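Please find below a note on the structure shown here.

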Amino acid sequence: MKRLTIMIKPASSLCDMRCKYCFYYDVAAQRHEASMGIMPLETASAILNNVFSQLTAGDHITFAFQGGEPGLAGLDYFKFFAETAKKIAPKGVRIHYAFQTNGLMIDTDWAVFFRQHNFLIGLSMDGDAALHNQNRPDAAGKGTHTRVLAAKKLLDKHSVQYNILCVLTSETARRARRVWDFIMAENIRHIQFIPCLEPLDTNQEAAPALTPAKFYQFYATLFPLWKKEAQKGNVINIRMFEDLVGMFLAGQNITCGMSGRCSPQMVVEADGGVYPCDFYVLDEYRIADLSRQNLKDVFEAVASSDFLKEARPQPAHCAGCAYVKWCGGGCKRMTRAVYGEGENCGMRAFLDECLNDLLATVRGLR
């Protein structure tokens, strides 16, 4: 039985927002062609045929749509995709969908569609209005928090599953208690904090990138707030805490990069081109075309790519660390933001202070 995830960018790097820290805008700017436009339906059909030709009963396939803003491909595109997938999938293959969005386009029609096809939504929201609007304006420079919050309420109304995605800048990391108050006020049940990274182009103006010290400060402040609620029976699902529990209690590795080893990813741009990592959708890393090659050939190209073979030296302070066998020095794109280069590691500082308490709390809940 196979369990595969394919990340698709149906609107390439196109977006109706102008977030100050957008890593994909930064990535696209380094390519010969920044945007591949909207994925033609013919390309989507070819991709689906090349995927399902390699799957059999009992297999699971997740199509995860990201961008840019994938909603710019239009609701009709996703209706076509879901209908075509259902029509051509071999009997017994389970199809799952995920959709990462800024929320600006979500209306009742979108929400009904998401519920009908059991989409898991990743909704980007950086806390309260002031924190969110500071870095997430629309194309006209206006704040978007009110519209994103309205999208959240529509998802709630139509019982659509969603996670909140919050980008953790150095400024936001200083306000962990304020972020927690927002989580509680809006009854957010699942949230993932994404480190704000320095741009690949260091000359580009961006929001303040996270630092290891701020990473530690944020989670060390957040943890006792989470623990207090959890012990009352109100368990908020925070992705990093879930990953740590999975790693240290069950030996699992969930989020890519948590172990310091790159796992094969299939990131498909709007023209069908395949890349091994969402952080490195660059011309030099294009390794296949899922609209022209079958799934098996593409997966083998990803698994044997030079990207996955690239040696990455660990930061010097990893030597002798009790956690290095678990984290491996962390994701190479997040090293400077979380693990540090030539400075103390934010992850190590947090684990030293809170890991045993986190695991004990979870054992108590179970």
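1. In helix H3, Leu75, Phe78, Lys79 and Ala82 meet Asp109, Trp110 and Phe113 of H4, where contact means heavy atoms within 4.5 Å. By class, this contact of H3 with H4 has five nonpolar, no polar and two charged residues; Ala, Val, Leu, Ile, Met, Phe, Trp, Tyr, Cys and Pro count as nonpolar, Asp, Glu, Lys and Arg as charged, and the others, Gly among them, as polar. Helices (H or I, at least four residues) and strands (E, at least two) are DSSP runs, numbered from the N terminus.

2. This is a predicted model, in which local features need pLDDT of at least 70 and side-chain atom pairs count only at pLDDT 80 or more, while totals for chains, interfaces and linings use all residues. Residues are numbered from 1 along each chain as its sequence is written, and side-chain values use heavy atoms, with hydrogens and water left out.

3. The axes of H3 (residues 75-88) and H4 come within 11 Å and cross at roughly 15°. H3 is therefore roughly parallel to H4. Axes are lines fitted to C-alpha atoms, for helices over the stretch in contact, with angles running from 0 to 180 degrees between N-to-C directions; angles under 35 degrees count as roughly parallel, over 145 as roughly antiparallel, 65 to 115 as roughly perpendicular and the rest as oblique. The crossing of H3 and H4 is left-handed, that is, the near helix is turned anticlockwise from the far one by less than a right angle, whereas clockwise would be right-handed.

4. H8 and H9 pack with their axes 9 Å apart, at an angle of about 35°, and their crossing is right-handed. From H8, Ala176, Arg177, Val179, Trp180 and Met184 meet Phe218, Thr221, Leu222, Leu225, Trp226 and Glu229 in H9. The residues of this contact divide into eight nonpolar, one polar and two charged.

5. Phe218, in helix H9 (residues 212-230), is buried at 0% relative accessibility; buried means under 20% relative accessible area, exposed over 50%, and partly exposed in between (1.4 Å probe, protein chains only). Leaving aside neighbours within four places in sequence, Phe218 is in contact with Leu168, Thr172, Ala173, Ala176, Val179 and Phe193. The C-alpha atoms of Phe218 and Arg175 are separated by 7.4 Å, although these residues are 43 apart along the chain.

6. Helix H6 (residues 145-157) has 13 residues and reaches 18 Å from its first C-alpha to its last, close to the 18 Å expected at 1.5 Å a residue; the expected span is 1.5 Å times one less than the number of residues. Its buried residues are His145, Val148, Leu149, Ala151, Lys152, Leu154 and Leu155. Their cover includes helices H4 (108-116), H5 (129-135) and H8 (176-185), together with strands E4 (119-124) and E5 (162-168).

7. Within H6, His145 has a relative accessible area of 7% and is buried. Not counting residues up to four places away in sequence, His145 touches Met125, Gly127, Asp128, Ala129, His132, Asn133 and Phe182.

8. The peptide bond from Gly67 to Gly68 is cis, with omega near 10°, and Gly68 lies in the loop between strand E2 (60-65) and H3. Ser12 has a positive phi near 50° and is buried at 0% relative accessible area. Asn187, in the loop between H8 and strand E6 (190-195), also has a positive phi near 50°, but is partly exposed at 49% relative accessibility. After H6 comes Ser159, with a positive phi near 55°.
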